[in-house]
Amino acid sequence: MKAVIQAGGRGTRLKPYTLILPKPMMPVGELPVIEILLRWLRRNGVHEVHVTTGYLGHLLRVLCGDGSRWDMRIDYTEEKEPLGTVGALDLLRDRLDETFLVLNGDMITDLDLRAMLRFHGEHGDALTIAVTETLVPVNMGVFEYEKNGLVSEFREKPTLSYSANMGIYCMEPEILDLIPKGVPYGFDDLMYRMLDEARPARVYRHVGQFMDIGRPEDFARAQELAERGELPMQSH
């Protein structure tokens, strides 16, 4: 199994720390996030990892090396200019010739990766997206109404629930045919194109922990869990 770790972002939400370290190297407990990810991938059967780099990418190369210490192979691509969340896959077209994973290099989760891979294989779609429920409080009253303006429902300061993208994907090589060469291309661009062309994509629903280390509040929460020895990915 191959995986692509996206590690080219600038981590602006964690400034000033990310002025000297790329976001995937931010420490959580005793380890940088990317090392936690690599160990987790290896435990789940991933032997080959491609790290897409940009901002301060040379530090990631020094830290992770060729992957031999984790009995895996790691290589790197470098974006001369930002290519977006999936545009960087253009640099790996000749190496992604079977089912592969793509994941953000700045997240912590207790997602069962093997279960997600089985789900992906059972349904046979070109793309499976891991999602988690996200609650969004609205600090105003919300109306629902008919086309003629007649009120049909009112809720005072409701909390809305959405299935949010976790930044973990299972992909088939045919996805690469949808990504233009050499131009910035986001995951949102990919999804809009797939929907426009009626190409099937499926979500895998995760019920459990998920932290985006690029968010200061999630970064702080991950530190607390690490101090208690309860950090996901280190025991799953």
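Two strands are taken to pair if DSSP finds at least two bridges between them. In the present model, which is predicted, this criterion applies to strand β8, spanning residues 127–137, and β12, which pair in the parallel sense over five bridges. Within this pairing, Ile-129 is placed opposite Val-203 of β12.

The two strands belong to an open sheet of seven strands, arranged in the order β5-β4-β1-β6-β11-β8-β12 and with mixed pairing. The edge positions are taken by β5 (73–78) and β12 (202–206); each has a single partner strand, so one side of each is left without a neighbour in the sheet. From one strand to the next, the twist averages 30 degrees. Strands of a sheet pair through backbone hydrogen bonds, in either a parallel or an antiparallel arrangement.

At the β5 end of the strand order, helix α2, formed by residues 57–64, lies across β1 (2–7), β4 (48–53) and β5. The angle between helix α2 and β5 is about 170 degrees.

Technical notes
Residues numbered from 1 in each chain as written. Predicted model: local features only at pLDDT ≥ 70, side-chain atom pairs only at ≥ 80, totals over all residues. Heavy atoms only, no water. Helix = DSSP H or I, 4+ residues; strand = E, 2+ residues; numbered from the N terminus. Axes fitted to C-alpha atoms, helices over the stretch in contact; angles between N-to-C directions. Contact = heavy atoms within 4.5 Å.
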